[in-house]
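The exercises below concern the protein model shown here. Each task is followed by a solution worked in steps.

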Amino acid sequence: MSESAGVAAGAAVPTTSARLVEQIRDEVLQRQRFLITSHARPDGDSIGSQLAMAFALDALGKDVRIINADPPPPHYLEFPGVNRIEIATEVAAGVEADALIVMECGDLGRTGVKGFEPYFIINIDHHVGNRMYGTVNWFDESAAACAEMVFDVVRALDVPMTREIASHIYLAIITDTGSFHHSNITPRTFDICRQAVEAGVNPAAMARRIFDSNSFGKLKLIGALLDRMELADEGRLAVLYLDDAMLEACGCTHNDTEGLINLPLTAREIQAVVFFKVADDGVRVSMRSKYDVDVRIVANAFGGGGHKNAAGFTVNGPLDEVRDAILDQVKTAVAEGVQERPTSVV
Ligand code: AMP
Ligand code: MN
(Lines give C-alpha, C1' and ligand atoms only; values in the text may rest on other atoms or scores of the structure.)
(Ligands and ions follow the chains in the order given, each with its own letter.)
Protein backbone atom coordinates (compact mmCIF):
# COMPACT_ATOMS: atom_id res chain seq x y z
CA MET A 1 0.00 0.00 0.00
CA SER A 2 1.22 3.45 -0.74
CA GLU A 3 1.93 5.47 2.38
CA SER A 4 2.37 9.07 1.52
CA ALA A 5 2.78 11.46 4.39
CA GLY A 6 1.88 14.36 2.13
CA VAL A 7 -1.32 12.88 0.73
CA ALA A 8 -2.35 11.45 4.11
CA ALA A 9 -2.11 14.78 5.91
CA GLY A 10 -5.30 15.35 7.82
CA ALA A 11 -6.24 11.66 7.94
CA ALA A 12 -7.66 10.51 11.28
CA VAL A 13 -5.03 7.82 11.83
CA PRO A 14 -1.49 8.96 10.99
CA THR A 15 0.33 6.67 8.60
CA THR A 16 3.71 5.22 9.49
CA SER A 17 5.28 7.69 7.07
CA ALA A 18 3.50 10.63 8.69
CA ARG A 19 4.70 9.53 12.14
CA LEU A 20 8.27 9.14 10.89
CA VAL A 21 8.23 12.54 9.23
CA GLU A 22 7.18 14.03 12.57
CA GLN A 23 9.91 12.11 14.36
CA ILE A 24 12.55 13.27 11.88
CA ARG A 25 11.28 16.84 12.21
CA ASP A 26 11.63 16.64 16.01
CA GLU A 27 15.10 15.08 15.87
CA VAL A 28 16.24 17.75 13.41
CA LEU A 29 14.81 20.68 15.36
CA GLN A 30 16.60 19.68 18.56
CA ARG A 31 20.00 19.29 16.89
CA GLN A 32 22.47 21.85 15.52
CA ARG A 33 25.35 20.21 13.61
CA PHE A 34 24.52 18.01 10.61
CA LEU A 35 26.37 15.85 8.16
CA ILE A 36 24.56 14.90 4.97
CA THR A 37 25.51 12.10 2.62
CA SER A 38 24.22 9.82 -0.11
CA HIS A 39 25.50 7.06 -2.36
CA ALA A 40 28.79 6.86 -4.23
CA ARG A 41 28.66 7.89 -7.92
CA PRO A 42 25.85 10.34 -7.18
CA ASP A 43 22.86 10.69 -9.50
CA GLY A 44 20.18 13.36 -9.76
CA ASP A 45 18.17 12.02 -6.83
CA SER A 46 21.17 11.81 -4.51
CA ILE A 47 22.36 15.31 -5.44
CA GLY A 48 18.87 16.81 -5.32
CA SER A 49 17.86 15.14 -2.05
CA GLN A 50 21.06 16.21 -0.31
CA LEU A 51 20.98 19.82 -1.49
CA ALA A 52 17.26 20.27 -0.82
CA MET A 53 17.84 18.99 2.71
CA ALA A 54 20.95 21.18 3.12
CA PHE A 55 19.11 24.37 2.05
CA ALA A 56 16.24 23.52 4.43
CA LEU A 57 18.68 23.07 7.33
CA ASP A 58 20.44 26.31 6.34
CA ALA A 59 17.11 28.09 6.60
CA LEU A 60 16.78 26.82 10.17
CA GLY A 61 20.24 28.18 11.03
CA LYS A 62 21.83 24.73 11.34
CA ASP A 63 25.47 23.89 10.62
CA VAL A 64 25.59 21.64 7.57
CA ARG A 65 28.35 19.73 5.78
CA ILE A 66 27.75 17.45 2.82
CA ILE A 67 30.25 14.62 2.37
CA ASN A 68 30.22 12.35 -0.72
CA ALA A 69 32.62 9.68 -1.92
CA ASP A 70 32.51 10.87 -5.53
CA PRO A 71 32.10 14.25 -7.26
CA PRO A 72 28.78 15.10 -8.93
CA PRO A 73 28.46 14.65 -12.72
CA PRO A 74 29.68 17.89 -14.35
CA HIS A 75 26.30 19.09 -15.62
CA TYR A 76 25.02 19.24 -12.04
CA LEU A 77 27.79 21.60 -10.95
CA GLU A 78 25.71 24.61 -11.98
CA PHE A 79 22.88 23.72 -9.63
CA PRO A 80 22.80 25.85 -6.49
CA GLY A 81 25.00 24.71 -3.65
CA VAL A 82 26.48 21.70 -5.43
CA ASN A 83 29.99 23.15 -5.07
CA ARG A 84 29.70 22.82 -1.29
CA ILE A 85 29.78 19.02 -1.51
CA GLU A 86 33.02 17.80 0.08
CA ILE A 87 34.58 14.76 -1.55
CA ALA A 88 36.12 12.20 0.83
CA THR A 89 36.10 8.44 1.20
CA GLU A 90 36.61 8.69 4.96
CA VAL A 91 35.26 11.09 7.58
CA ALA A 92 38.24 12.96 9.00
CA ALA A 93 39.00 12.10 12.64
CA GLY A 94 37.27 14.39 15.12
CA VAL A 95 34.45 15.60 12.87
CA GLU A 96 31.67 16.29 15.34
CA ALA A 97 28.02 16.26 14.38
CA ASP A 98 24.74 15.82 16.21
CA ALA A 99 23.26 13.83 13.35
CA LEU A 100 24.12 12.30 10.00
CA ILE A 101 21.36 12.30 7.39
CA VAL A 102 21.83 9.48 4.88
CA MET A 103 19.60 9.54 1.82
CA GLU A 104 19.19 7.06 -1.03
CA CYS A 105 21.29 4.31 0.61
CA GLY A 106 20.03 0.79 1.31
CA ASP A 107 23.01 0.23 3.57
CA LEU A 108 25.74 2.46 4.94
CA GLY A 109 28.35 0.90 2.65
CA ARG A 110 26.58 2.47 -0.36
CA THR A 111 27.91 5.87 0.74
CA GLY A 112 31.46 4.76 -0.09
CA VAL A 113 32.55 6.84 2.91
CA LYS A 114 34.14 5.15 5.93
CA GLY A 115 33.61 6.29 9.50
CA PHE A 116 29.90 7.13 9.50
CA GLU A 117 28.90 4.31 11.87
CA PRO A 118 29.16 6.14 15.24
CA TYR A 119 26.85 9.03 14.35
CA PHE A 120 23.16 9.49 15.18
CA ILE A 121 21.88 8.41 11.77
CA ILE A 122 18.67 9.51 10.10
CA ASN A 123 18.13 7.07 7.21
CA ILE A 124 15.75 8.27 4.48
CA ASP A 125 15.42 5.96 1.48
CA HIS A 126 13.08 4.48 -1.12
CA HIS A 127 15.11 1.41 -2.19
CA VAL A 128 13.49 -1.94 -1.47
CA GLY A 129 15.70 -3.95 0.88
CA ASN A 130 16.88 -1.01 3.00
CA ARG A 131 18.79 -2.48 5.95
CA MET A 132 17.37 -0.04 8.52
CA TYR A 133 20.87 0.85 9.71
CA GLY A 134 19.88 4.24 11.16
CA THR A 135 18.87 5.46 14.57
CA VAL A 136 15.73 6.69 12.83
CA ASN A 137 14.72 4.83 9.68
CA TRP A 138 12.19 6.10 7.18
CA PHE A 139 11.85 3.80 4.22
CA ASP A 140 9.07 4.37 1.69
CA GLU A 141 9.21 2.28 -1.43
CA SER A 142 6.21 4.13 -2.87
CA ALA A 143 8.27 7.32 -3.30
CA ALA A 144 9.26 7.78 -6.95
CA ALA A 145 12.37 9.60 -5.76
CA CYS A 146 13.96 9.98 -2.36
CA ALA A 147 13.39 13.70 -2.85
CA GLU A 148 9.63 13.12 -2.54
CA MET A 149 10.39 12.12 1.05
CA VAL A 150 12.73 15.09 1.52
CA PHE A 151 9.88 17.30 0.31
CA ASP A 152 7.71 15.99 3.16
CA VAL A 153 10.48 16.67 5.68
CA VAL A 154 10.99 20.21 4.36
CA ARG A 155 7.25 20.88 4.65
CA ALA A 156 7.18 19.39 8.17
CA LEU A 157 10.08 21.65 9.19
CA ASP A 158 7.96 24.57 8.06
CA VAL A 159 10.76 25.90 5.89
CA PRO A 160 9.69 28.12 2.96
CA MET A 161 9.83 26.27 -0.39
CA THR A 162 12.54 28.42 -1.95
CA ARG A 163 13.50 28.19 -5.60
CA GLU A 164 16.75 26.45 -4.57
CA ILE A 165 14.98 23.73 -2.59
CA ALA A 166 12.29 23.31 -5.25
CA SER A 167 14.89 23.06 -8.04
CA HIS A 168 16.71 20.26 -6.28
CA ILE A 169 13.53 18.35 -5.57
CA TYR A 170 12.45 18.72 -9.19
CA LEU A 171 15.91 17.67 -10.42
CA ALA A 172 15.73 14.54 -8.27
CA ILE A 173 12.24 13.60 -9.43
CA ILE A 174 12.77 14.20 -13.12
CA THR A 175 15.94 12.08 -13.12
CA ASP A 176 14.77 9.26 -10.82
CA THR A 177 11.57 8.76 -12.80
CA GLY A 178 13.65 8.52 -16.01
CA SER A 179 12.05 11.83 -17.06
CA PHE A 180 8.59 10.49 -16.21
CA HIS A 181 9.04 7.10 -17.89
CA HIS A 182 9.25 4.68 -14.94
CA SER A 183 6.35 2.84 -13.35
CA ASN A 184 6.95 4.40 -9.91
CA ILE A 185 5.11 7.66 -10.69
CA THR A 186 2.04 8.57 -8.64
CA PRO A 187 -0.27 11.59 -8.28
CA ARG A 188 1.96 12.62 -5.38
CA THR A 189 4.89 12.92 -7.82
CA PHE A 190 3.02 15.49 -9.88
CA ASP A 191 1.65 17.24 -6.83
CA ILE A 192 5.20 17.81 -5.59
CA CYS A 193 6.34 18.92 -9.07
CA ARG A 194 3.39 21.30 -9.24
CA GLN A 195 4.43 22.85 -5.95
CA ALA A 196 8.04 23.04 -7.17
CA VAL A 197 6.93 24.93 -10.28
CA GLU A 198 4.82 27.22 -8.12
CA ALA A 199 7.96 27.92 -6.11
CA GLY A 200 9.71 29.15 -9.25
CA VAL A 201 11.12 26.09 -11.04
CA ASN A 202 11.19 26.50 -14.82
CA PRO A 203 10.48 23.00 -16.25
CA ALA A 204 11.75 23.81 -19.74
CA ALA A 205 15.03 25.22 -18.42
CA MET A 206 15.41 22.28 -16.05
CA ALA A 207 14.86 19.69 -18.77
CA ARG A 208 17.26 21.43 -21.15
CA ARG A 209 19.89 21.77 -18.42
CA ILE A 210 19.61 18.18 -17.23
CA PHE A 211 19.10 16.30 -20.49
CA ASP A 212 20.46 18.60 -23.19
CA SER A 213 23.86 19.46 -21.74
CA ASN A 214 25.86 16.94 -23.76
CA SER A 215 29.32 17.69 -25.08
CA PHE A 216 30.11 16.92 -28.72
CA GLY A 217 32.27 14.10 -27.36
CA LYS A 218 29.23 12.58 -25.70
CA LEU A 219 27.32 12.68 -28.99
CA LYS A 220 30.21 10.76 -30.56
CA LEU A 221 30.08 8.30 -27.68
CA ILE A 222 26.36 7.74 -28.29
CA GLY A 223 27.22 6.81 -31.88
CA ALA A 224 29.99 4.45 -30.79
CA LEU A 225 27.83 2.77 -28.15
CA LEU A 226 24.86 2.21 -30.44
CA ASP A 227 27.17 0.98 -33.17
CA ARG A 228 28.40 -1.73 -30.82
CA MET A 229 24.97 -2.50 -29.33
CA GLU A 230 23.89 -6.14 -29.43
CA LEU A 231 20.33 -7.35 -29.54
CA ALA A 232 19.28 -10.55 -27.77
CA ASP A 233 16.07 -12.33 -26.89
CA GLU A 234 14.51 -11.71 -30.31
CA GLY A 235 15.15 -8.00 -30.07
CA ARG A 236 13.59 -7.56 -26.64
CA LEU A 237 16.94 -7.10 -24.87
CA ALA A 238 19.69 -4.62 -25.80
CA VAL A 239 23.24 -4.99 -24.54
CA LEU A 240 25.65 -2.05 -24.42
CA TYR A 241 29.39 -2.20 -23.81
CA LEU A 242 31.72 0.58 -22.78
CA ASP A 243 35.41 0.51 -21.99
CA ASP A 244 38.14 3.08 -21.43
CA ALA A 245 39.30 2.91 -25.05
CA MET A 246 35.85 3.99 -26.30
CA LEU A 247 35.74 6.82 -23.79
CA GLU A 248 39.19 7.99 -24.78
CA ALA A 249 38.43 7.87 -28.49
CA CYS A 250 35.48 10.22 -27.92
CA GLY A 251 37.27 12.48 -25.44
CA CYS A 252 34.90 11.45 -22.64
CA THR A 253 35.16 10.18 -19.07
CA HIS A 254 32.89 7.96 -16.97
CA ASN A 255 31.20 11.14 -15.85
CA ASP A 256 29.76 11.51 -19.36
CA THR A 257 27.84 8.24 -19.34
CA GLU A 258 24.70 9.28 -17.44
CA GLY A 259 21.51 8.71 -19.42
CA LEU A 260 23.13 6.71 -22.21
CA ILE A 261 21.50 3.53 -20.97
CA ASN A 262 18.06 4.89 -21.80
CA LEU A 263 18.74 5.22 -25.53
CA PRO A 264 17.87 1.63 -26.57
CA LEU A 265 14.54 1.80 -24.72
CA THR A 266 13.38 4.35 -27.28
CA ALA A 267 12.99 1.40 -29.68
CA ARG A 268 9.47 0.05 -29.32
CA GLU A 269 10.42 -3.64 -29.16
CA ILE A 270 13.21 -3.32 -26.62
CA GLN A 271 11.99 -4.18 -23.12
CA ALA A 272 15.26 -4.10 -21.18
CA VAL A 273 18.82 -2.81 -21.48
CA VAL A 274 21.97 -4.14 -19.85
CA PHE A 275 24.93 -1.76 -19.89
CA PHE A 276 28.35 -3.23 -19.14
CA LYS A 277 30.93 -0.61 -18.18
CA VAL A 278 34.23 -2.42 -18.17
CA ALA A 279 37.09 -1.04 -16.05
CA ASP A 280 40.40 -2.45 -14.80
CA ASP A 281 38.99 -3.43 -11.43
CA GLY A 282 35.73 -4.98 -12.60
CA VAL A 283 32.50 -4.42 -14.46
CA ARG A 284 29.80 -1.97 -13.45
CA VAL A 285 26.43 -3.30 -14.63
CA SER A 286 23.43 -0.99 -15.06
CA MET A 287 19.99 -2.11 -16.16
CA ARG A 288 16.81 -0.37 -17.25
CA SER A 289 13.45 -1.82 -18.25
CA LYS A 290 9.92 -0.97 -19.30
CA TYR A 291 6.65 -1.49 -17.43
CA ASP A 292 6.66 -4.68 -15.31
CA VAL A 293 10.02 -6.11 -16.37
CA ASP A 294 11.74 -6.22 -12.96
CA VAL A 295 15.51 -5.76 -13.23
CA ARG A 296 15.92 -5.21 -9.49
CA ILE A 297 15.54 -8.96 -8.98
CA VAL A 298 18.55 -9.49 -11.24
CA ALA A 299 20.56 -6.81 -9.41
CA ASN A 300 19.72 -8.42 -6.07
CA ALA A 301 20.92 -11.80 -7.30
CA PHE A 302 24.32 -10.26 -8.02
CA GLY A 303 24.63 -8.31 -4.77
CA GLY A 304 23.28 -4.98 -6.00
CA GLY A 305 19.93 -3.23 -5.83
CA GLY A 306 17.73 -0.50 -7.23
CA HIS A 307 14.17 -0.34 -8.47
CA LYS A 308 11.94 -2.35 -10.81
CA ASN A 309 12.86 -0.26 -13.87
CA ALA A 310 16.38 0.87 -12.86
CA ALA A 311 18.93 -1.23 -11.01
CA GLY A 312 22.61 -2.01 -10.93
CA PHE A 313 25.52 -3.86 -9.37
CA THR A 314 29.28 -4.32 -9.68
CA VAL A 315 31.16 -7.48 -10.60
CA ASN A 316 34.78 -7.97 -9.51
CA GLY A 317 36.11 -10.05 -12.36
CA PRO A 318 36.28 -10.40 -16.12
CA LEU A 319 33.13 -9.75 -18.15
CA ASP A 320 33.40 -13.07 -20.02
CA GLU A 321 32.85 -15.03 -16.81
CA VAL A 322 29.60 -13.36 -15.84
CA ARG A 323 28.08 -12.01 -19.03
CA ASP A 324 25.96 -15.01 -19.99
CA ALA A 325 24.69 -15.64 -16.47
CA ILE A 326 23.57 -12.01 -16.19
CA LEU A 327 21.89 -11.97 -19.59
CA ASP A 328 20.08 -15.23 -18.84
CA GLN A 329 18.58 -13.71 -15.72
CA VAL A 330 17.53 -10.55 -17.54
CA LYS A 331 15.88 -12.68 -20.23
CA THR A 332 13.93 -14.46 -17.49
CA ALA A 333 12.88 -11.08 -16.08
CA VAL A 334 11.75 -10.00 -19.54
CA ALA A 335 9.80 -13.25 -20.08
CA GLU A 336 8.05 -12.80 -16.72
CA GLY A 337 7.33 -9.10 -17.01
CA VAL A 338 6.77 -8.43 -20.67
CA GLN A 339 3.33 -7.32 -21.70
CA GLU A 340 2.08 -9.25 -24.69
CA ARG A 341 -0.06 -6.35 -25.78
CA PRO A 342 1.17 -2.77 -25.44
CA THR A 343 -0.14 -0.97 -22.38
CA SER A 344 -3.02 1.28 -23.30
CA VAL A 345 -2.23 4.96 -22.96
CA VAL A 346 -5.77 5.85 -21.96
P1 AMP B 1 22.55 3.06 -11.99
O2 AMP B 1 22.39 2.03 -13.05
O3 AMP B 1 23.92 3.12 -11.39
O4 AMP B 1 22.04 4.40 -12.43
O5 AMP B 1 21.61 2.61 -10.78
C6 AMP B 1 20.24 2.41 -10.96
C7 AMP B 1 19.56 2.21 -9.62
O8 AMP B 1 20.09 1.06 -8.97
C9 AMP B 1 19.77 3.37 -8.63
O10 AMP B 1 18.59 3.50 -7.86
C11 AMP B 1 20.90 2.88 -7.77
O12 AMP B 1 20.84 3.45 -6.50
C13 AMP B 1 20.65 1.38 -7.73
N14 AMP B 1 21.92 0.67 -7.60
C15 AMP B 1 22.91 0.65 -8.51
N16 AMP B 1 23.96 -0.09 -8.07
C17 AMP B 1 23.62 -0.56 -6.86
C18 AMP B 1 24.28 -1.38 -5.87
N19 AMP B 1 25.51 -1.87 -6.05
N20 AMP B 1 23.61 -1.63 -4.73
C21 AMP B 1 22.38 -1.14 -4.51
N22 AMP B 1 21.70 -0.37 -5.39
C23 AMP B 1 22.30 -0.08 -6.55
MN1 MN C 1 16.48 7.52 -5.87
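**Exercise 1.** Determine in which sense strand 1 and strand 2 pair, and over how many bridges.

*Solution.* Strand 1 covers residues 33-37 and strand 2 covers residues 63-68; they pair in the parallel sense over 4 bridges. Strands here are DSSP runs of E with at least two residues, and helices are runs of H or I with at least four, numbered from the N terminus. Two strands count as paired if DSSP finds at least two bridges between them. Within this pair, Ile36 stands opposite Ile66 in strand 2.

The basis of the calculation should be noted. The model is predicted, so local features need pLDDT of at least 70 and side-chain atom pairs count only at pLDDT 80 or more, whereas totals for chains, interfaces and linings use all residues. Residues are numbered from 1 along each chain as its sequence is written, chains are lettered from A and ligands numbered from 1 in the order in which they are written, and side-chain values use heavy atoms, with hydrogens and water left out.

**Exercise 2.** State the strand order of the open sheet with parallel pairing, and identify its edge strands.

*Solution.* The order of this sheet of 6 strands is 3-2-1-4-5-6. Strand 3 (85-87) and strand 6 (136-139) are the edge strands, each pairing on one side only. From one strand to the next, the twist averages 20°; axes are lines fitted to C-alpha atoms, for helices over the stretch in contact, and angles run from 0 to 180 degrees between N-to-C directions. Next, consider the helices. Helix 2 (residues 16-29) packs on the sheet and touches strand 1, strand 5 (121-125) and strand 6, contact meaning heavy atoms within 4.5 Å. Helix 4 (residues 146-156) lies across strand 4 (99-103), strand 5 and strand 6, at about 125° to strand 5.

**Exercise 3.** Explain why strand 7 and strand 11 are each left with one side without a neighbour in the sheet.

*Solution.* The open sheet concerned has 6 strands in the order 7-8-9-10-12-11, with mixed pairing. Strand 7 (230-232) and strand 11 (305-307) stand at its edges with a single partner strand each, so one side of each has no neighbour in the sheet. Strand 11 is joined to strand 12 (residues 310-315) by 3 bridges, and the two run antiparallel. His307 has Ala310 in strand 12 as its bridge partner.

**Exercise 4.** Describe which residues come nearest to ligand 1 and which strand gives the most to its shell.

*Solution.* There are 13 residues around ligand 1, of which Arg110, His127, Arg284, Ser286 and Arg288 come nearest; a residue is near if one of its heavy atoms lies within 4 Å. Turning to polar contacts (pairs of N or O atoms within 3.5 Å), a polar side-chain atom of Arg284 lies 2.7 Å from an oxygen atom of the ligand. For a polar side-chain atom of Arg288, the distance to an oxygen atom of ligand 1 is 2.8 Å. Strand 12 gives the most to the shell, with 4 residues.

Key: Polar contact = N/O pair within 3.5 Å; in protein donor to acceptor, adjacent residues only side chain to side chain.
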